[in-house]
Amino acid sequence: MPHLADALAFARWLTGNAHDAEDVVQEACLRAYAGIGTYAGGSARAWLLAIVRNACHTWLAKNRGPMLVPLDEVTDADLLAAGSSGDDDAEAAMIARADAAEIEAAIAALPPPFREVLVLRDINGLGYREIADLISAPIGTVMSRLSRARTILIRQLGGRNDRA
Amino acid sequence: MTERDGQPIDPGEARLLLHALVDGELDAASASALERRLATDAPLAAERARIVALRSAMRQLPRPEPSADLRRRVIAIGTDASARPRRSFDWRALAATALIASLVAGGGTYWGVSRVAPQDMAGDIASNHRRALIAPTPVDMASSDRHQVKPWLDAKIGLSPPADDFARDGFPLVGARIDVIGNLVAPTLVYRHNEHLISVVALPRAASPQPPAGPSGSSARGFSLVTWEDRAFTYWAISDLERAELDAFVRLFQARAAEKG
């Protein structure tokens, strides 16, 4: 996937829509171009995504107010354990059948710090180490946010008939 | 749930590690221990199935394509002097230029070299065409069959622009050669019209200087030069033909491309 499309896919989930994402990506490319001296080797893609993330935060602060990190994010092991409780494959099949709009709505509803890690992992395909570096957090935080995000999605998409 | 061989017994911890297992981020020892446990722990195995299902569902989500407008705006960053790093001849300027090319083109080791100023480009294209006229043969590979020309270009430089033969309209395909323009390697198609040759240079749009809007013409060192673009390439056709005849050729070329969609 070309870097530009990659940057756009990430920005689309941080800003919430493709139009604002394009403005943010353009701003990020400007910053990348002016700040090429800060590129210290390694993955150019991860470097660009980090700049996109900063540009998104600037944009969000201006347009939406600050991004809040939930306090309970590290102490959610119990919640995780109590998550989906079924032990058959019916829910997995239901998730596999979920349509794009449904999945997108569920992702959009995630708390931003969880959404960001989920998107970097499952949309952009970054490794845990890359994500940890990018968001300047320990790997444990990445793992906890990722599993939390996925658990929320699984519960929404897998249990959607139960809720109805 | 008791556990041998050091696997965490806390179910929450096991579920946390499950994600790492699915993502291929677990070391071999932990992975094999967790897999052993999955064999006997049905709820955990069902959770893995759900994670796998979610991952593949997310992979199939449509991805936003950068609009033509965004691509233009990003390319413009590279040509806008005000956005350029201050010292213009150090490695950063070069790296920044390469960066812009790779952002737009992606996977850009081949094209991530540098972009070429438009006026230099026209001059290089004219020089290449002139040399082709003087050389014993204007092509590196002579064939009027696009099924030979395209694979040959693809094998040489990894690019295969459309290479249709227009013999019925008086513009037979002579063959193809590889040109060097600035520091880019470009596929060039050669057509003949009566005793005149036409060189058609095709560069991936990201590597080309400012994309022209619609066919535009000029002259370079006495040759007629017409440039236009489609979705994948920017083209330059150069010839000592009369401008009207060159325009007729370009219309043929564009019409054929439009037929293919």
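**Note on a predicted two-chain model**

1. Read from the N terminus, the elements of chain A follow the order α-α-α-α-α-α-α-α-α-α, which amounts to ten helices and zero strands. Helices here are DSSP runs of H or I with at least four residues, strands are runs of E with at least two, and both are numbered from the N terminus. Chain B, by comparison, has eight helices and seven strands.

2. Some conventions should be kept in mind while reading. This is a predicted model, in which local features need pLDDT of at least 70 and side-chain atom pairs count only at pLDDT 80 or more, while totals for chains, interfaces and linings use all residues. Residues are numbered from 1 along each chain as its sequence is written, and chains are lettered from A and ligands numbered from 1 in the order in which they are written.

3. Burial is judged by counting C-beta atoms placed from the backbone: a residue is buried if 20 or more other C-beta atoms lie within 10 Å of its own, exposed if 12 or fewer, and partly exposed in between. On this basis, 42% of the 164 residues of chain A are buried, and in chain B the buried share is 37% of 261 residues.

4. Contacts are counted between residues whose C-beta atoms, placed from the backbone, lie within 7 Å. In chain A, 70% of the contacts between residues at least 6 apart in sequence join residues at least 24 apart; in chain B, residues 24 or more positions apart account for 52% of the contacts with a separation of 6 or more.

5. Helix α1 of chain A covers residues 3–15, and its 13 residues reach 18 Å from the first C-alpha to the last, close to the 18 Å expected, where the expected span is 1.5 Å times one less than the number of residues. Twelve of the 13 residues of α1(A) are buried, so this helix is largely enclosed by the rest of the structure. Among the buried ones are A:Leu4, A:Phe10 and A:Trp13, but also A:Asp6 and A:Arg12. Just after the helix, A:Gly16 takes a positive phi of about 100°.

6. A nonpolar core is a set of buried Ala, Val, Leu, Ile, Met, Phe, Trp, Tyr and Cys residues joined through C-beta atoms within 7 Å. The largest such core has 60 residues, and those with the most contacts inside it are A:Ala7, A:Phe10, A:Ala11, A:Val25, A:Ala28 and A:Val52. If residues up to four places away in sequence are not counted, A:Phe10 touches A:Leu49, A:Val52, A:Val119, A:Leu120 and A:Asn124. A second, separate core of 37 residues includes B:Met121, B:Ile198, B:Val200 and B:Leu225.

7. Where do helix α9 of chain A and helix α3 of chain B stand relative to each other? Their axes, which are lines fitted to C-alpha atoms over the stretch in contact, with angles running from 0 to 180 degrees between N-to-C directions, come within 10 Å and cross at roughly 90°. That makes α9(A) roughly perpendicular to α3(B), a label given to angles of 65 to 115 degrees, with under 35 roughly parallel, over 145 roughly antiparallel and the rest oblique. The contact is made by A:Arg150, A:Leu153, A:Ile154 and A:Gly158 on one side and B:Arg50, B:Ile51 and B:Leu54 on the other.

8. The buried residues of α3(B), including B:Arg50, B:Ile51 and B:Leu54, pack against α5, α6, α7 and α9 of chain A together with α1 and α2 of chain B.

9. Two loop residues other than glycine deserve a look. A:Ser136, in the loop between α8 and α9 of chain A, has a positive phi near 50° and is exposed, with 8 other C-beta atoms within 10 Å. B:Asn194, in the loop between β3 and β4 of chain B, has a positive phi near 55° and also counts as exposed, with 8 C-beta neighbours inside 10 Å.

How values were computed
Two residues are in contact if their C-beta atoms, placed from the backbone, lie within 7 Å.
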